[in-house]
Structure formats: structure tokens, C-alpha cells
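Subject: Structure handover

Hello,

Please find the structure below, followed by notes on what was found in it.

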Amino acid sequence: MIRRLFIPEGSGNCGDPQIKKFFKITGTVFAALILLVAGMFVYVNNGGFIKRHVLPAIADTLETTITVGDVTFSIFGELQLNDLILGDAAEPFLDAETVRVRYQLMPLLGGAFYVDEVLLENTTVALKQAADGTFIFPFKLPETKDGPPLESVPEFAVKGFNIRNLEVRLDRAAGDETPAVAAVLQNLNVSIPKIALGEQINVTVTADGSYDDGEQLQATFGSLKISLNANLPKDLAIKDV
């Protein structure tokens with residue numbers, strides 16, 4: 001026996017103008033959303049976004065000036081700033097040729113911090129002190145806020161932490177009873193292969209420098225090398241921040 005399926009006239013007619021209109025509107029909205037998301041991704045996922053929006057916002061918060069040459073940024077895991085200057089360009093607080101951070105995006109979305117590289121290269125930091133020893137910064141220091149203590153540290157691991165060719169200068173103004181001081185710590189290199197909870201940390205520091213406070217003391221030193229080994233407990237907790 002052969003049975004025939006009866007379909008009422010007009011049912012399932014894909015040529016219905018209303019259905020065509022629905023699919024046309026849906027397709028247009030979907031395409032517009034794809035273009036919007038793609039446009040936002042392209043706009044954010046580049047160094048220009050950091051240079052035009054992020055750095056000026058940080059500068060406004062610190063009430064200072066931040067200038068930078070080239071910026072390379074990928075939301076998937078890399079930020080590099082070239083020729084970064086913090087403060088007045090004539091007498092900057094910080095002048096860094098290269099600042100680079102490479103990180104892992106997916107763990108970050110889950111609240112864990114995994115960094116594959118931190119590099120600060122060919123940088124000068126200029127510190128200034130008043131005669132009473134108070135440091136003078138060309139930016140507003142963040143205000144400390146009272147809040148609950150940090151009971152635990154988020155899961156994190158930092159690999160390839162390197163500071164290369166850092167120079168730190170200190171100038172202290174002369175007071176009524178104290179001489180002016182000029183100190184320089186140069187060729188400072190810091191190498192830390194890995195920083196992680198529950199693992200040993202190996203730190204190597206090399207530098208040379210000089211100290212001058214007039215007639216009282218003048219000294220120079222070179223080939224300073226310090227090696228440190230320490231362990232971060234896996235259950236590290238910070239009670240006072």
C-alpha cells in the first residue's frame with residue numbers, strides 16, 4: 001500500500017515574501033554584527049590603540065607626560081613599547097629603549113597570570129631628592145586605600161625576566177648642613193629565569209657605579225655581582241599590602 005503525504009496548499013512555501021524578508025533582515029543583522037566585531041578587533045588589536053587611548057589615560061591618572069615611539073600590541077599575548085619616556089622629555093624620570101611583555105591570554109581569562117617574557121632594555125631612571133631626603137617624582141603617586149588584606153596570591157608564573165643595561169641616577173640637593181649627592185648605578189643587569197609559587201627563584205645581578213658627595217666621600221666600584229636563591233611557598237599569602 002502506498003500512502004501519500006498531504007501537504008496543505010501554501011504550507012512550507014519558501015517563496016513566501018514574509019519569510020524572504022525575515023531571512024534578509026536576519027542575514028543583514030548577522031553580517032553587520034560580524035563586521036562590527038571584526039572592526040572592533042582590528043581597532044583594539046594594534047599598537048595604535050595603546051598609543052592613542054591607553055597611554056594617555058595612564059598619563060592623565062598620574063598627572064604626567066608619557067611619550068612613546070613605536071608600539072606593538074597583540075591581544076593574544078604581546079606588548080612592546082619602544083622609546084618610552086615618562087615625565088618631561090628634557091629631563092625624563094624614565095627613558096626606556098625597549099619594554100616588552102609576552103603573556104598567555106587563555107589563562108588570563110581564567111584569573112591566572114602566565115608571562116613568558118618581561119624585558120626592560122637600555123633604560124635610564126633619574127631619581128631626584130630634596131635636601132631632607134624626600135624623593136621628588138614628576139608624577140602623582142597612587143593613593144593608598146584601606147581595604148581587606150590580600151589573603152592569597154593568584155596563580156602565576158613569570159619566565160624570562162630580564163633587565164639589560166639599566167642606569168639609575170640619584171641627585172640630592174645640598175642642604176644647610178648636608179652636601180649635594182650624585183650617585184650612578186650603571187650597566188645594571190638582572191636575570192631571573194622563572195618566578196613561580198612553590199619553586200626556587202634564581203636571581204643574578206651585575207652592575208658598576210659611582211658615588212660622590214663632594215669632599216666627604218668619592219667612590220667608584222665595578223664588576224659587582226650578586227646571586228640570590230630563594231623559594232616562594234606555594235601557599236604564599238600577603239597579609240599587609
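This is a predicted model: local features need pLDDT of at least 70, side-chain atom pairs count only at pLDDT 80 or more; totals for chains, interfaces and linings use all residues.

Is K159 buried, partly exposed or exposed? At 39% relative accessibility, K159 counts as partly exposed (buried is under 20% relative accessible area, exposed over 50%, partly exposed in between, with a 1.4 Å probe and protein chains only).

Residues are numbered from 1 along each chain as its sequence is written, and side-chain values use heavy atoms, with hydrogens and water left out.

Fold. The protein chain has three helices and 10 strands (DSSP runs numbered from the N terminus: H or I of at least four residues for helices, E of at least two for strands). Their order from the N terminus is α-α-β-β-β-β-α-β-β-β-β-β-β. Strands β5 and β7 pair in the parallel sense over 14 bridges (pairing requires at least two DSSP bridges between two strands). K128 has D171 in β7 as its bridge partner. β7 and β8 run antiparallel and are joined by 12 bridges; V168 stands opposite L185 in β8.

Core. Buried residues make up 24% of the 241 residues in the protein chain. The largest nonpolar core has 28 residues (a set of buried Ala, Val, Leu, Ile, Met, Phe, Trp, Tyr and Cys residues joined through side-chain atoms within 4.5 Å). Among the members that touch the most others are V68, F93 and I192. Elements giving two or more residues to this core include α2 (47-62), β5 (113-129) and β8 (181-196). Leaving aside neighbours within four places in sequence, I192 is in contact with G160, F161, I201, N202 and V203 (contact means heavy atoms within 4.5 Å).

Salt bridges. The count comes to seven (a side-chain nitrogen of Lys or Arg within 4 Å of a carboxyl oxygen of Asp or Glu). The side chains of D116 and K159 meet in one of them, at 3.9 Å from N to O. D116 lies in strand β5 and K159 in strand β7, so this pair ties together parts that are 43 residues apart in sequence. D116 is partly exposed, with a relative accessible area of 22%. R102 and E117 form another, at 2.8 Å from N to O. R102 is partly exposed at 32% relative accessibility, whereas E117 is buried at 15%. R100, R102 and E117 are linked in a network of salt bridges.

Regards
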